[in-house]
Amino acid sequence: MPEKQKLIAVEVPEGASMLDAVTASGIAEHFDGLDPARVSMGVFGKVEPNPAGRRLAEGERVEIYRPLKADPKSARRARARRASQG
């Protein structure tokens, strides 16, 4: 959530997937409506298209991404349009 974030350290067995780690963290209990099987997630800012199949390496941090409210390119164009008119 934009106003709230939570960092949870969790140890998972070797060969665990990103989805395994997120599920084991219990983070869904802290955020209403968070479904680990449906959220976008990644490692080091890079979105992973298949979290259930992506095996983690030691020390990697899984990040959960919230949906964007607006497309960044569209928002940038709208700001530029408003700036040129004003």
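Guide: Let us begin with R38, which is exposed at a relative accessible area of 72%; here buried means under 20% relative accessible area, exposed means over 50%, and partly exposed lies in between, with a 1.4 Å probe and protein chains only. This is a predicted model, in which local features need pLDDT of at least 70 and side-chain atom pairs count only at pLDDT 80 or more, while totals for chains, interfaces and linings use all residues. Residues are numbered from 1 along each chain as its sequence is written, and side-chain values use heavy atoms, with hydrogens and water left out.

R38 forms a salt bridge with D35, their closest N and O atoms lying 3.5 Å apart; the term denotes a side-chain nitrogen of Lys or Arg within 4 Å of a carboxyl oxygen of Asp or Glu. D35 is partly exposed, at 31% relative accessibility. Side chains of opposite charge can pair when their charged atoms come close. By the stated rule, the count is four salt bridges.

E60 is partly exposed at 24% relative accessibility. Together, E48, R54 and E60 make up a network of salt bridges.

The sheet comes next. Three strands form an open sheet in the order β2-β1-β3, with antiparallel pairing. Because β2 (46–48) and β3 (62–65) stand at the edges with a single partner strand each, one side of each is left without a neighbour in the sheet. On average, neighbouring strands of this sheet are turned by 45° against each other, direction ignored. Two strands are taken to pair if DSSP finds at least two bridges between them. Strand β1 (residues 40–43) pairs with β3 in the antiparallel sense over four bridges, and M41 has I64 in β3 as its bridge partner.

Strand β3 also holds E63, which counts as buried at 15% relative accessibility. The side chains of E63 and R61 are joined by a polar contact of 2.7 Å, that is, a pair of N or O atoms within 3.5 Å; within protein, one must be able to donate a hydrogen and the other to accept it, and residues adjacent in sequence count only if both atoms are side-chain atoms. Leaving aside residues up to four places away in sequence, E63 touches S40, M41, G42, V43, F44 and G45, contact meaning heavy atoms within 4.5 Å.

Helix α1 (residues 18–25) lies across β1, β2 and β3 and runs at about 110° to β1. Axes are lines fitted to C-alpha atoms, for helices over the stretch in contact, and angles run from 0 to 180 degrees between N-to-C directions.

As for the whole, the protein chain has two helices and three strands, and from the N terminus its elements run α-β-β-β-α. The radius of gyration of the protein chain is 17 Å, well over the 12 Å that the globule rule gives for 86 residues, so the chain is more spread out than a compact globule. That radius is taken over C-alpha atoms, and the globule rule is 2.2 Å times the number of residues to the power 0.38. Helices (H or I, at least four residues) and strands (E, at least two) are DSSP runs, numbered from the N terminus.
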